[in-house]
Amino acid sequence: MTRDNASKATDPIRPHWVEWLTGLAATTIVVAVIGWMAFEAMTSDDRPPELAVLILAIDPQLSGWRVMIEVRNSGDQAAAAVEIKAALLDGPELVEEAGMTFDYVAAGSTSRGGLLFVNNPSLHQLQVVPSGFTEP
C-alpha cells in the first residue's frame, strides 16, 4: 500500500493533446495581433481625413426623389460631424439645395446616407461635396 502511494506521487503530470492545441492556437492569435498592431503603427502616416462622396442611386419617392450617397474616408484619422452639401443646378442657376451630416466616419471606412429632393436630380446637374468635419 505504501508503494502505490509513492508511485502515484512520482508520476509526471502530462497535459492532454487538446491542451497543447489550445495553447498553440492562443499563442498564434496573440502573436498575430501584436504583429498586426506593429505593422499598423509603422505604416500609418497619421494623415488627416480625406473625404470623398460617391452617388450610389437616385430613386423616386412619394414626396420627391432620394439620392443615396456613400462617404469614403481614405485618411488615417477619423472625422466627426461630416457635413455634405448637394445642389441641383440648371446651368449657372440654382434649382434646389440639400444637406446632411454624418455623425462619424472612421479612418479607411465608408458611411452611407440619403439626400432628399423635390425636383428630379436626373434632369439637372447634381453636385454633392463634403463641406466640413470636426476631429473626434
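**Strands, a loop and some salt bridges**

Start at S111, which sits in strand β5, residues 109-117. Keep in mind that this is a predicted model. Is S111 buried or exposed? Its relative accessible area is 17%, under the 20% cut-off, so S111 is buried. What does S111 touch, beyond residues up to four places away in sequence? The list is I69, E70, V71, F102, Y104 and V105.

Hold on to E70 from that list. The side chains of E70 and R112 meet in a salt bridge, 3.2 Å from N to O. That pair links distant parts of the chain: E70 belongs to strand β2, R112 to strand β5, and they are 42 residues apart. Now look at the accessibility of the two partners. E70 is buried, at 8% relative accessible area. R112 counts as exposed, at 58%.

How many salt bridges does a search of the whole structure find? It finds 5. Let me take you to a network of them, which links R47, E50 and D76.

First link: E50 with R47, where the closest N and O atoms are 3.1 Å apart. On accessibility, E50 is partly exposed at 36%. R47 is partly exposed at 30%. D76 is partly exposed at 28%.

Next, a backbone point. Most residues other than glycine have a negative phi. Now check A81: its phi is near 50 degrees, a positive value in a non-glycine residue. A81 is in strand β3, residues 79-90. It is partly exposed, with a relative accessible area of 29%.

Last stop, V118. Where is V118? It is in the loop between β5 and β6 (125-134). V118 has a relative accessible area of 60%, over the 50% cut-off, so V118 is exposed. One distance to finish. V118 and T101 are 17 residues apart in sequence and 19 Å apart in space, C-alpha to C-alpha.

That's my tour. Over to you.

Methods. Residues are numbered from 1 along each chain as its sequence is written. This is a predicted model: local features need pLDDT of at least 70, side-chain atom pairs count only at pLDDT 80 or more; totals for chains, interfaces and linings use all residues. Side-chain values use heavy atoms; hydrogens and water are left out. Helices (H or I, at least four residues) and strands (E, at least two) are DSSP runs, numbered from the N terminus. Buried means under 20% relative accessible area, exposed over 50%, partly exposed in between (1.4 Å probe, protein chains only). Contact means heavy atoms within 4.5 Å. A salt bridge is a side-chain nitrogen of Lys or Arg within 4 Å of a carboxyl oxygen of Asp or Glu.
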